[in-house]
Amino acid sequence: MKATNNKVVTFHYTLKDKETGEVLDSSQEYGQPLTVLFGAQNIIPGLESRMEGMEAGEKRTIEVPALEAYGEKNPELIQKVPREYFQGIELEKGMPLQAQTPDGQIINMIVVDFDDNEVTVDMNHPLAGKDLVFDVEVVNVRDATLEEIQHGHAHGEGGVHH
């Protein structure tokens, strides 16, 4: 059975930064493979399109350019913010922070630079602008249930629960 729309695909992956070769994420860290409903945008589009047709037991190294992963960095998401917004925080360059908007939305950001008056933060996804490499091993492919298709995600072991 091949990985196509409305199949539940279980796979191990190791995600690397193409430029540096640094391992950014791996399903091995979680001790279990990732299970997704194929065709439901549960994984980045560039990975999903390149995994199409893979079968259980198949391994593939897949390169995904930034545009088909987390997009290019948006310069408008790099902003200077008054230092007083960060009272009581010992700032470091590269430090991840979270902020909450008045309507309760969580924004993740990275401290790019700071001085006594301003803090420069980058609110792009940490992987924006990066070309990625995935080492993928498909463990299992099965037909999705009607309920999974209606819900837009896989259920059960390794699946996404809402």
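Guide: A residue counts as buried when its relative accessible area is under 20%. Keep that cut-off in mind. The model above is predicted.

Visitor: What percentage of the residues of the protein chain count as buried?

Guide: Of 162 residues, 35% pass as buried. The accessible surface comes to about 9800 Å². Carbon and sulfur atoms hold 48% of that surface.

Visitor: Which order do helices and strands follow along the sequence?

Guide: Start by counting. The chain has two helices and nine strands. Then read along the sequence: β-β-β-α-β-β-β-β-β-β-α. The C-alpha trace spans about 60 × 35 × 30 Å along its principal axes.

Visitor: How do I read contacts against sequence separation?

Guide: Contact means heavy atoms within 4.5 Å.

Visitor: Which residues have the most contacts inside the largest nonpolar core?

Guide: A nonpolar core joins buried residues such as Val, Leu and Phe through side-chain atoms. The largest one here has 21 residues. Val9, Phe11, Leu47, Met51, Phe134, Val136 and Val138 have the most contacts inside it. S9 gives the most, with five residues.

Visitor: What is Val138 in contact with, leaving aside its neighbours within four places in sequence?

Guide: Its partners include Val9, Phe11 and Met51. Met54, Ala56 and Gly57 are also among them.

Visitor: How many residues does the second, separate core have?

Guide: Eight, including Val81, Leu97, Met109 and Val121.

Visitor: Now strand S8. Is S8 mostly covered or uncovered?

Guide: Apply the cut-off again. S8 spans residues 118-122, and four of its five residues are buried. So S8 is mostly covered, given that buried means under 20% relative accessible area.

Visitor: Which strand do five bridges join to S8?

Guide: Strand S5, residues 78-82. S5 and S8 run antiparallel. Find Val81: it stands opposite Val119 in S8.

Visitor: How many bridges pair S7 with S8?

Guide: Four, again in the antiparallel sense. S7 covers residues 106-114. Phe114 has Val119 in S8 as its bridge partner. S7 and S8 form a hairpin, with three residues between them.

Visitor: And the side chains along a strand?

Guide: In a regular strand, side chains alternate between the two faces of the sheet.

Visitor: How many positive and negative side chains does the chain have?

Guide: There are 13 positive and 29 negative side chains. The centres of the two sets lie 6 Å apart.

Key
Residues are numbered from 1 along each chain as its sequence is written. This is a predicted model: local features need pLDDT of at least 70, side-chain atom pairs count only at pLDDT 80 or more; totals for chains, interfaces and linings use all residues. Side-chain values use heavy atoms; hydrogens and water are left out. Buried means under 20% relative accessible area, exposed over 50%, partly exposed in between (1.4 Å probe, protein chains only). Accessible areas come from the Shrake-Rupley method with a 1.4 Å probe; for residues, only the protein chains shown count as cover. Lys and Arg count as positive and Asp and Glu as negative; His and the chain ends are not counted. The place of a charge is taken as NZ of Lys, CZ of Arg, CG of Asp or CD of Glu. A nonpolar core is a set of buried Ala, Val, Leu, Ile, Met, Phe, Trp, Tyr and Cys residues joined through side-chain atoms within 4.5 Å. Two strands pair if DSSP finds at least two bridges between them.
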